[in-house]
Amino acid sequence: MTPTSMTAARFHEVNEPLQLEEIPVPEIQEDEVLVQIKAVGLCGSDVHIVFEGVTPTPFKPITLGHEPCGVVAATGARVEDWEEGDRVSVTPLLFCSSCRNCITGHTNVCLKRKLLGIQENGALAEYMAAPAKNLVRLPEEVSFEVGAIITDAVATPFQVISERAALRAGETVAIYGAGGLGLHAVQISHLLGAQKIIVVDPREGQRERATQMGADLTIDPEETPPVEAIMEETGGLGVDVAAEFVGRGETISQCVESVGRGGRAVVAGLGPDPITIVPPTVFVRDGISLLGSYGFTKHNIEQLVNLAAAGKLNLEESITHTFPLDEVNTALKYLHEKIENPIRIAVTL
Ligand SMILES: [Zn+2]
Ligand SMILES: [Zn+2]
């Protein structure tokens, strides 16, 4: 039997700790499931919400947590494919299934898109309600922690490299920013058969991790101008694909300048700076593609769960820290202040 009340970590005000509160277990609609949460990945977006207030939530208090993983605890009357006890990852991106983007499979840019844990109550709680269509089956071989971070920290760069950039075997890649997203982009590029992976990041520890995850060359942009180094490394051609996970004007410009004629530059970093790139005399004549990339599809999460289950993608080492729910504020502090240089932090229940 599902209890009637639960503990949830709720966001009330910017720069205040999340409050651990006893609130009612969410009621589910007939096409929803109740998920008993086992692990939740924390994300840079959580830090933005809690410490910076740059991503306002539509209501407060709200339960944060948008990398959910757990087991099915109850199903709505019209749910047929799921049973109590099923292990699941939950795609946090709510999509309508009927807008012009959803019907062409691009649910990440659904016109009615919302995110669990940012625009609706999320997973930093003992239970969460989610549409049954958002569930992805999680095999025993994949831990709940990995099943959690796949839903954003790995799925977002997967969408960037595999779909937006459409990286093909034998191509060269430059990755700007080796935080959680960028490091997973390195792994995914390696998996897809990139011939050469170049990573740009001023942090020595992150560059070392990038090398461990498959980068062939790392560049400290404070020591070496990255575009020149990339041109030199590619015999003056530039890379086929460059991806930006920082969200700053300067790195986006460098990302575009790093691609060669016919190259693809994809921006996934979020930030307020306007994008200033090369003049049209270069951009047009070189036939450069510049793309934004947001989120992921449920299919991306299924692909990643399968890759992890098959042992093709090792994500266990991405989870550098775990904390129980009642230490969620410590976990957020570790992420915010980059204490012990975390890749990804999971809250476990
Ligand atoms: Zn996120
Ligand atoms: Zn839609």
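Student: Which residue of β2 is the bridge partner of S5?

Tutor: In β2, S5 has P24 as its bridge partner. A word on the model: it is predicted, with local features needing pLDDT of at least 70, side-chain atom pairs counting only at pLDDT 80 or more, and totals for chains, interfaces and linings using all residues. Residues are numbered from 1 along each chain as its sequence is written, while chains are lettered from A and ligands numbered from 1 in the order in which they are written.

Student: What makes β1 and β2 a pair?

Tutor: Two strands (DSSP runs of E, at least two residues, numbered from the N terminus) pair if DSSP finds at least two bridges between them. Six bridges join β1 (residues 5-11) to β2, so the two pair, and they run antiparallel.

Student: Why do β2 and β4 stand at the edges?

Tutor: The open sheet has three strands, in the order β2-β1-β4, with antiparallel pairing. β2 (19-24) and β4 (62-63) each have a single partner strand, so one side of each is left without a neighbour in the sheet.

Student: Why is I219 called buried?

Tutor: Buried means that 20 or more other C-beta atoms, placed from the backbone, lie within 10 Å of the residue's own. I219 has 23, so I219 is buried. I219 is found in strand β13 (residues 217-219).

Student: Which residues does I219 touch?

Tutor: Not counting residues up to four places away in sequence, I219 touches I198, V200, T224, P226 and A229. Contact means that C-beta atoms, placed from the backbone, lie within 7 Å.

Key: Helices (H or I, at least four residues) and strands (E, at least two) are DSSP runs, numbered from the N terminus. A residue is buried if 20 or more other C-beta atoms lie within 10 Å of its own, exposed if 12 or fewer, and partly exposed in between; C-beta atoms are placed from the backbone. Two residues are in contact if their C-beta atoms, placed from the backbone, lie within 7 Å.
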